Amino acid sequence: MLKAFKYRLYPTREQARKMSDTLWLCSILYNRCLAARRDAWQNGRKTITKFDQMAALPELKRQDERFHRVHSQVLQDVVKRLDRAFQAFFRRVKAGEKPGYPRFRSARRCDSFTYPQAPSGCQSQGNKLVLSKIGTVKVKLHRPIQGKVKTVTVRQQADGWYASFACEVKPSVLPASEEVVGVDLGLENFDITSDGEVFENPRHLRRAERNLKRLQRQVCRREKGGNRRKKAVKQLAKAHLHVANQRKDNAHKIARALVNRYGYIFGEDLNVKGMVHNRHLAGAIHDAGWGVFLGILPGKAEEAGRYVGAEEPYRSSQECSDCGEHVPKPLAQRWHSCPRCGLSIHRDVNAARNILKRGLKRLGRVA
Ligand SMILES: [Zn+2]
């Protein structure tokens with residue numbers, strides 16, 4: 001299985017310029033290839049494949065000198081990325097959805113490039129990363145790389161440059177566990193399990209989220225086009241990144257704790273069609289945290305040989321988890337008291353138990 005290891009890069013000014021230049025050229029290539037595919041289809045109902053476009057790269061380089069400034073496999077990867085966008089588009093068309101046609105990318109929306117066949121074009125040497133066409137870039141290896149490096153992706157973020165190594169590692173399967181659990185992400189800054197275990201969001205994450213809200217208001221207040229607004233936008237981007245990183249850390253910890261103990265883990269499915277989206281900011285933050293968690297959990301579970309299920313969340317907090325009675329309650333009411341069977345537990349534990357019940361039922365098992 002593939003596991004990602006991400007490190008901060010410390011490029012010189014000249015190296016950073018070359019990396020920005022690479023991003024820019026990659027966006028140009030992406031848009032050209034997209035236009036070629038679209039035009040071929042519109043003008044003659046012809047399909048251009050990624051193999052056609054990769055085979056055309058040497059000719060493109062002969063015609064346009066600038067592309068010599070980018071490693072050839074990095075260019076090939078741009079063609080493959082576009083192809084993935086098309087494959088996803090075709091898949092969704094086939095599934096009867098109405099997806100948007102792959103879109104052109106502004107240079108600003110293009111924030112990474114990949115060396116797809118490491119160590120070709122990119123070699124890791126201690127605290128240095130030798131990148132073809134860029135140079136020998138300093139890298140901070142705060143933890144060791146494990147396994148065999150397959151690809152290296154260089155990414156520009158609000159606070160600097162990073163390199164992600166995708167490595168082939170052996171999954172470390174944990175001893176089997178028959179224990180089952182349901183998880184509900186509560187609105188009060190914590191996740192709670194069907195066993196009543198509470199994972200509280202750390203204080204620094206809450207503080208960072210408050211700071212994010214403050215900066216968001218600041219950007220809204222400042223005049224469009226002004227320098228003060230530009231500065232605030234930059235600060236906001238950094239705060240977003242900071243919160244995203246902390247959410248990830250926290251999600252890693254919770255996922256690790258759950259995976260170590262439980263063989264079957266069930267959570268709410270946020271992708272349920274027609275689900276009412278939360279319009280409150282608190283709700284949006286809650287959804288964002290849950291989304292990050294759901295992005296991390298399956299990978300960890302797979303590595304450990306655990307099962308993860310995403311369950312229909314409809315009315316999970318309104319239904320009694322013991323007898324199934326419909327017990328309506330406003331959001332402010334934090335306790336579930338069932339008039340029919342007398343069950344009296346925290347609202348979110350009740351929801352987590354319902355999620356667990358639904359998961360077990362779907363798998364044909366009994367709670
Ligand atoms: Zn009941």
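Domain bounds are taken here from an automatic or database domain assignment, and on this basis the protein is divided into domain 1 (2–168) and domain 2 (180–201 + 250–362). The C-alpha centres of domain 1 and domain 2 are separated by 37 Å. The structure is a predicted model, in which local features need pLDDT of at least 70 and side-chain atom pairs count only at pLDDT 80 or more, whereas totals for chains, interfaces and linings use all residues. Residues are numbered from 1 along each chain as its sequence is written, and side-chain values use heavy atoms, with hydrogens and water left out.

Grid points are joined across faces, edges and corners, and a volume is the space filled by probe spheres set on the points. The largest pocket holds about 1100 Å³ of space. It is lined by 25 residues, of which A4, K6, R143, K248 and H252 are the closest to its centre. Two or more lining residues come from each of β1 (2–10), α6 (227–261) and α7 (281–304), where helices (H or I, at least four residues) and strands (E, at least two) are DSSP runs numbered from the N terminus. The lining comprises seven nonpolar, seven polar and eleven charged residues, with Ala, Val, Leu, Ile, Met, Phe, Trp, Tyr, Cys and Pro counted as nonpolar, Asp, Glu, Lys and Arg as charged, and the others, Gly among them, as polar. Because domain 1 and domain 2 both give residues to this lining, the largest pocket lies between them.

Strand β11 (residues 264–268) has four of its five residues buried and is therefore largely enclosed by the rest of the structure, buried meaning under 20% relative accessible area with a 1.4 Å probe and protein chains only. Two strands are taken to pair if DSSP finds at least two bridges between them. Strand β8 (residues 180–185) pairs with β11 in the parallel sense over three bridges, and V181 stands opposite I265 of β11. Strand β12 (residues 307–311) also runs parallel to β11, to which five bridges join it, and E311 in β12 is the bridge partner of E268.

With a disulfide defined as a pair of cysteine sulfur atoms within 2.5 Å, the count comes to zero. For C110, the nearest cysteine sulfur, that of C26, is 5.8 Å away, and C110 is buried at a relative accessible area of 7%. C167 is likewise in no disulfide, the nearest cysteine sulfur, that of C122, being 11 Å away, and C167 is buried at 0% relative accessibility.

Terms used
1 Å grid on protein atoms, 1.4 Å probe; cavity = no way out; pocket = protein on both sides within 12 Å on 5 of 7 lines; lining within 4 Å. Buried < 20%, exposed > 50% of the residue type's maximum accessible area, 1.4 Å probe, protein only.
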